[in-house]
Amino acid sequence: MGDSLDRSTKINLLKETVVKKLCEVLDKSSNKGWRKLGEIVGSDRRFKVSSDDMEMCSLRVLEVEGSPSFMLLRLMGERGCSTGHLIDYLQTLGNSEALQCLKPPALQILIQPQSVALICGHNLRLSCHAVGKSPVQYQWFKSREEVPNSSSPDLVISPVHMKDTGFYICRVNSGDACEFSQWAQVDVLNVGMSHGQSYHSLDGRLKLVIQPQSQRLHVGEILQLECGAMGRPIPRYQWHRNGVPIPNFTKRKLTIPHVMQDRHGRYRCEISSSTERMWTNEVDVLIDDIYAIGGVLGSNEFALNSIPEQLYATDKVALLIGNLSYQNHPQLKAPMVDVYDLTNLLRQLNFKVVSLLDLTESEMRNAVDEFLLLLHKGVYGLLYYAGHGYENYGNSFMVPVDAPNPYRSANCLCVQSILKLMQEKETGLNVFLLDMCRKRNIHDDSAPNIVLRVTANIVFGYATCQDAEAFELSSTGFTNGVFVKFLKKRLLDDEKITVVLDRVAEDMGQFDATKGKQALEIRSSLSERRALTDPILPGDSADLAHAHSRQWAKAHELPESMCLNFDCGAQIKLGFAAEFSNVLLIYTHIIKKPEDMSFCQAHVTDFSQDLDVDPKEMNRETPEETGIYLLTSSLPQHCLFTRLSSLQKLKEELVFTVCLQGAFAAMDDGHPIHWTKSINIGKPLISRLDLHRVMRRNSCMQTCPMPHSPSQSPCHSPGPEHHLHLYHGSHQAQDFSRLSPQHLCLDICEHPQGAVGGCVVSHYDLSQYGCEPAYVSCGLSGSPGRLSIPIEASDDINELQTVFINSLHLQPQ
């Protein structure tokens with residue numbers, strides 16, 4: 001390891017790119033991963049890692065792109081662990097791939113360009129210096145465009161103007177090796193020269209040059225506050241209102257469109273760098289209502305003295321269920337995309353999320369039981385359901401995939417019954433987002449008597465109005481249902497949840513395809529300004545909550561990747577990914593083949609019958625062929641993929657066989673030889689919670705009314721819950737269990753829908769609906785993968801990086 005990094009360097013000072021590569025290796029390694037590394041470090045008295053530390057590392061799987069290895073390395077760094085110690089531990093671990101991450105590359109950037117904020121008219125200098133095994137060449141870019149005459153290590157713009165504001169990156173070449181520097185943001189402040197001095201006289205210290213100004217606005221106007229400081233690296237900003245940080249307001253300019261009275265208050269901004277901190281002046285923001293008092297617009301000074309304190313959640317928990325593959329009813333397609341998108345968004349809001357597809361009645365009840373276990377005083381609980389449903393006498397019912405035709409309340413889950421159990425937990429906020437039909441079920445005459453407590457913390461967001469259907473976009477590709485199409489654009493807004501839903505309702509109301517057919521309905525008893533963005537502050541039940549979180553985390557852990565060595569000398573890598581909490585993807589890749597082997601193939605087989613895996617959709621060359629469309633950007637190439645859904649049905653540990661077929665050139669007959677290995681990966685993901693059990697604990701079934709048994713339900717006549725999908729005039733029911741991503745043009749038909757999405761009408765009169773396409777668009781819905789190049793102070797860097805790299809790929813080499 002003589003060519004490794006400096007052994008005296010503390011590991012918390014390692015470059016982000018090095019740490020990321022190392023974490024990727026340790027997260028995916030089997031017997032030589034982060035858990036084994038933790039055991040080795042735990043035996044060293046200098047940097048002892050306790051079992052509690054390891055549990056804390058495992059909880060990182062609940063976070064967006066959470067890495068247990070990153071948490072472990074951070075703990076080691078905080079305790080003084082150096083690169084030399086880490087190299088020794090990795091050598092003991094025997095992980096050569098991890099050790100390789102600590103070796104310097106053929107081309108190494110030693111000096112990265114730093115983001116900077118400076119005044120218009122000053123001189124800008126960005127520097128990037130690299131070393132390589134051959135002469136190094138440089139080229140600077142601003143966003144996706146090359147900067148003219150910028151092929152030197154230093155980019156100088158003298159003087160700098162407002163048009164030079166933006167993001168810069170340097171491409172470095174040395175022979176065949178090519179690297180990109182980190183992004184550097186240049187923020188040019190529009191301040192007269194009299195306000196400042198030469199940048200170089202600042203000696204790297206912050207200098208405040210723009211102060212926010214007090215404002216008086218009317219409700220519905222735009223609130224804009226601005227501050228600015230010179231500094232290198234570029235300063236960090238955090239806006240505060242009434243002394244409390246405002247979540248997600250971390251840019252130099254604060255903008256709130258359609259301001260409401262609850263934005264009254266005193267504002268100031270905290271400006272900081274790695275070595276210092278300063279504050280702007282505190283300014284008043286007054287929001288006048290539109291009513292007048294005695295002919296004079298009211299100042300509402302009382303509101304300034306009655307601004308509520310910052311509200312907190314003791315925890316945030318979400319259960320997302322999407323039912324699409326119905327056994328006795330029309331198939332749906334949007335729930336899969338909707339649940340996937342909402343999962344990613346809610347995790348960004350620090351929700352503990354479990355996302356499940358295609359649950360039976362007992363599985364839905366048991367999933368709710370697990371969800372209720374995580375609730376305690378002050379928790380924000382959110383339940384999202386997409387699928388078939390109905391509403392009778394003010395009670396909403398979610399229809400499982402195994403519900404008979406027709407179904408009654410005995411076969412379904414009552415949402416109000418779940419709310420009653422949530423109220424017993426003294427939750428801080430109860431949010432129900434129901435993406436389903438609310439038509440009356442003529443086969444269900446029961447009128448359940450569910451007595452709810454009077455609380456001021458309940459919010460219902462119905463995708464459609466009472467006695468109406470919901471829609472999904474008709475498409476041979478992927479797209480959201482109408483509700484989530486607009487909800488996902490607003491969900492991260494730092495607003496009271498009812499305000500967010502109000503704006504979603506306004507957006508939906510402008511959608512021509514469903515105008516007059518589907519409208520969001522909001523029912524709320526929320527009296528406080530509770531928002532999904534509220535911070536988490538653990539309460540008195542923190543120990544209990546942590547214990548439940550550990551169990552929740554175990555249900556989200558993926559099996560560790562592994563390398564399998566066969567007697568013939570071939571080596572196969574086995575990897576795993578999760579699309580949902582009950583959908584596992586297995587991919588195989590041959591990483592070593594003997595030179596004298598003329599033919600070599602590997603595949604997986606012999607899965608549990610509980611999973612009902614179709615052999616025709618196993619071991620495919622692309623994820624799409626297996627039914628995986630939402631993870632393709634983050635999966636490796638040149639693998640064989642197998643998708644395992646319905647993991648909640650797994651009763652025993654998951655055991656399967658890896659088969660290797662090979663032939664040697666020296667063999668006369670040319671017949672392949674077979675080798676096999678049996679693999680046991682335990683109970684992956686949600687299968688650890690045994691949702692397949694018929695009855696558990698004090699199930700929500702105790703509060704769900706069951707006036708009839710399924711055997712009493714007549715099955716000869718379809719009710720309003722039995723729908724037909726109609727597309728462009730066809731009265732034929734469609735099967736969307738498998739979709740083709742190649743068809744990107746989307747359209748929507750004008751017919752009512754039975755759940756989230758699609759085009760559905762009852763059987764009574766089909767002729768009244770003309771199947772005219774009302775909306776045509778192009779594109780494929782999905783969440784772009786995050787990119788690795790870091791930036792110091794911008795939320796826009798992901799989109800910028802995607803556009804930039806794509807533009808380079810289109811350029812001739």
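A disulfide is a pair of cysteine sulfur atoms within 2.5 Å. By that test, the structure holds zero disulfides. This is a predicted model, in which local features need pLDDT of at least 70 and side-chain atom pairs count only at pLDDT 80 or more, while totals for chains, interfaces and linings use all residues. Residues are numbered from 1 along each chain as its sequence is written, and side-chain values use heavy atoms, with hydrogens and water left out.

**Cysteines**

- Cys128 is in no disulfide; the nearest cysteine sulfur belongs to Cys170 and is 4.1 Å away.
- Cys128 has 0% relative accessibility and counts as buried. Buried means under 20% relative accessible area, exposed means over 50%, and partly exposed lies in between (1.4 Å probe, protein chains only).
- Cys414 is also buried, at 0% relative accessibility.

**Nonpolar cores**

- A nonpolar core is a set of buried Ala, Val, Leu, Ile, Met, Phe, Trp, Tyr and Cys residues joined through side-chain atoms within 4.5 Å.
- The largest nonpolar core has 119 residues; Leu382, Leu574 and Phe656 touch the most other members.
- Strand S25 (residues 379-386) gives this core its largest share, seven residues. Helices (H or I, at least four residues) and strands (E, at least two) are DSSP runs, numbered from the N terminus.
- Beyond its neighbours within four places in sequence, Leu382 is in contact with residues including Val317, Leu346, Phe371, Val431 and Leu532. Contact means heavy atoms within 4.5 Å.
- A second, separate core has 31 residues, among them Ile11, Ile40, Phe47 and Tyr89.
- In soluble globular proteins, nonpolar side chains tend to be buried together.

- Helix H4 is largely enclosed by the rest of the structure, because eight of its 11 residues are buried.
- The buried residues of H4 are Pro68, Ser69, Met71, Leu72, Leu73, Leu75, Met76 and Gly77.
- They pack against helix H1 (16-28), helix H2 (34-42), H3 and H5.

**Salt bridges**

- The whole structure has 31 salt bridges. Each is a side-chain nitrogen of Lys or Arg within 4 Å of a carboxyl oxygen of Asp or Glu.
- Asp53 pairs with Arg79, with the closest N and O atoms 3.1 Å apart. This pair links distant parts of the chain, 26 residues apart: Asp53 is in helix H3 (residues 51-58), and Arg79 is in the loop between helix H4 (68-78) and helix H5 (83-93).
- Asp53 is buried, at 11% relative accessible area, whereas Arg79 is partly exposed, at 33%.
- Arg365 and Glu361 form a salt bridge at 3.2 Å, N to O. They are separated by about one helical turn because they are four residues apart in helix H9 (residues 361-373).
- Asp467 and Lys439 form a salt bridge at 3.9 Å, N to O. Asp467 lies in the loop between strand S30 (458-462) and helix H11 (482-487), and Lys439 in the loop between strand S29 (429-435) and S30, so the pair ties together parts 28 residues apart in sequence.
- Asp467 is partly exposed at 45% relative accessible area, and Lys439 is partly exposed at 25%.
- Salt bridges also link Asp262, Arg263, Glu495, Arg503 and Arg529 in a network.

**Surface patch**

- Leu110, Ile111 and Val131 form a nonpolar surface patch, with about 250 Å² of accessible area together. Areas come from the Shrake-Rupley method with a 1.4 Å probe; for residues, only the protein chains shown count as cover.
- Patches are made of residues with over 30% relative accessible area and no salt bridge; like charges are joined within 9 Å, nonpolar side chains (Val, Leu, Ile, Met, Phe, Trp, Tyr) within 5 Å.
- Ile111 is in strand S1 (residues 107-111) and is partly exposed, at 40% relative accessibility.

**Backbone features**

- Most residues other than glycine have a negative phi, and most peptide bonds are trans.
- Ser158 and Pro159 are joined by a cis peptide bond, with omega about -5°. Pro159 is in the loop between strand S7 (154-157) and strand S8 (166-174).
- The Asn405 to Pro406 peptide bond is cis, with omega near 0°. Pro406 is in the loop between strand S27 (395-398) and strand S28 (413-414).
- Asn242 is not a glycine, yet has a positive phi of about 55°. Asn242 is partly exposed, at 35% relative accessibility.
- Asp690, also not a glycine, has a positive phi of about 55°. Asp690 is buried, at 14% relative accessibility.
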